[in-house]
Amino acid sequence: SVKSPQAAAMPATPDDEAGNTFGDGQDLASLVLMAGDVRSGNYEEAQRLLNNLKAAPLKSFLEPVIDNWLNAGLGKPLSASTEGLSLLQALHRGLAAEWAKQSETADAVFDALARVPLTPEGAMVVAAYNLRRGRIDQARTALAEAIRQNPQDQDAKQMLDSLDQGQTPALKAEWSYHMQGVTAGVGLAMRDLAHLMVADEAWDSALIFGQLGRMVRADVPKLGLLIGTVFAQEKRLDDAKGVFESIPQGDPDYIEAQIQLADLLDEQGKRDQAIETLEKLMQAGPEPRIAYALGELYRSAKDFEKAVRAYDQALELSGGHVDDELWSIYYVRAMAYDELGEWQKSEDDLKTALTYRPDNPHVLNYLGYSYADRNQNLNEAKAMIIKALTQTPLDAYITDSLGWVYFREGDMVQASVLLERAVSLKPYDPTINDHLGDLYAKTGRYLEARYQWRRALDYADKLRDADLIEAIKKKMEAGAPQDAKTAG
């Protein structure tokens, strides 16, 4: 049987304890030497170093993954059994067997993988394998599973449509990258291990595995992006910038690297340079994701008209087929429309976003709060926000939104519980403090209301929150009787 990823994953370690994963440092040195041996084709020495690792996490998880590829490189038969293997270990056994032309073993491994729950990405790897082998029925099953888990997966839909029309679906080059040999397989394995560390927020371990993968082979798909992202997460922005800039034009990851580079420039306060980077990218070859990223930069700069135009262009370039990477364009365009005072267009986009992600707590909260703030559709707003809060019970903004709905409905008891909890979860947010101040004013607790409004003014940003600041000052200047009259 194949274990779930969690069943055999290495334990997450805080950054200052990442060395525990690699023992006393000797294991890390062995892995560096092993990477060099794999790159040079010295698989016997690489396997000796691998089998002599001491740290338990490496022995239990990394060794079986890499060993598949080294055995394949040495011409050894791979076991068709997946008993006790994690998904990642089983996946790389199947891929290594395919490259080594051990077809019966590969078929058996991928058949076992098809019988366990897979991620959408895993299902696509299984589907691609079966298509390469001409096993159409098995490929259909895997593609259907990918679509079941991710209804907006355009790759899976297009591949299934091609099969329905009697055509052979086009496969992305990255799905066959491992067929370039042992270095490609080991590089992919290191990338996949790094992804697991990222999921556990073990950034230093992720960086080590990523760099080991790059030592083995420089062109591993998406590995440079992953390393740059980890550097950015650790606020090593210059290192991240260097990685993104090192991905050459013509590389499949080039465009995404340039988009992330623009994000870094923006974070470093170089917004004009960031916008120029993406505008040049658009001129060289317009793509929906570039236009989307450009819209996000304009929205961040509060140039909402340009943001909307960029989002419009992204949708136009997509040809009306918004995929899983682009669905949120309706959400961000809705926010831009809202800032421009075009609420009807904003509402329409939010509803469209919910057709793609009906359970997304952020979209549910934005639309629900917008209704509450306008004192309309309160029952619908409440249902949306409760649905969002059920998923993220510690989110201060969603808690505040639900409290605001109850405030609008006149249920001051429930409103008080929720708004006070929201302030406790996010004490320094001006809007949340303002809402609690309004509640206190509405219930005659004027001294406490003024205290919350004063806190809101202290935490407000003069530019971003200019309208809020003006409204609070008016309430404070009006005095207690007016507060009670106008707070709701």
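Tutor: Gladly! Let's begin with touching: two residues are in contact when they have heavy atoms within 4.5 Å. Please keep in mind that this is a predicted model.

Student: Which residues does Lys382 touch, leaving out residues up to four places away in sequence?

Tutor: Lys382 touches Leu402, Val405, Tyr406 and Glu409. Lys382 itself sits in helix α21, which covers residues 378–391.

Student: With which side chain does the side chain of Lys382 make a polar contact?

Tutor: For a polar contact, we look for a pair of N or O atoms within 3.5 Å. Here the side chain of Lys382 pairs with the side chain of Glu409, at 3.0 Å.

Student: Is Glu63 buried or exposed?

Tutor: The general idea is that under 20% relative accessible area means buried, while over 50% means exposed. Glu63 has a relative accessible area of 13%, so Glu63 is buried.

Student: And why does Glu104 count as exposed?

Tutor: Glu104 counts as exposed because its relative accessibility is 72%. You can find Glu104 in helix α6, residues 103–113.

Student: How far apart are Glu104 and Asp37 in sequence and in space?

Tutor: These are two separate ways of reading distance. Glu104 and Asp37 are 67 residues apart along the sequence, and their C-alpha atoms are 29 Å apart in space.

Student: Now for the whole chain. How many helices and strands are there?

Tutor: The chain has 27 helices and 2 strands. Its C-alpha atoms fill a box of roughly 85 × 55 × 45 Å along the principal axes.

Student: What share of the residues is buried?

Tutor: Of the 488 residues in the chain, 52% are buried. The chain exposes about 22600 Å², and carbon and sulfur atoms supply 49% of that area.

Student: What share of contacts joins residues at least 24 apart?

Tutor: Take the contacts between residues at least 6 apart in sequence: 57% of them join residues at least 24 apart.

Student: Last one: how many positive and negative side chains are there?

Tutor: There are 52 positive and 75 negative side chains, and the centres of the two sets lie 1 Å apart.

Terms used. Residues numbered from 1 in each chain as written. Predicted model: local features only at pLDDT ≥ 70, side-chain atom pairs only at ≥ 80, totals over all residues. Heavy atoms only, no water. Helix = DSSP H or I, 4+ residues; strand = E, 2+ residues; numbered from the N terminus. Buried < 20%, exposed > 50% of the residue type's maximum accessible area, 1.4 Å probe, protein only. Areas by Shrake-Rupley, 256 points an atom, 1.4 Å probe, with all protein chains shown as cover. Lys, Arg positive; Asp, Glu negative; His and termini not counted. Charge placed at Lys NZ, Arg CZ, Asp CG, Glu CD. Polar contact = N/O pair within 3.5 Å; in protein donor to acceptor, adjacent residues only side chain to side chain.
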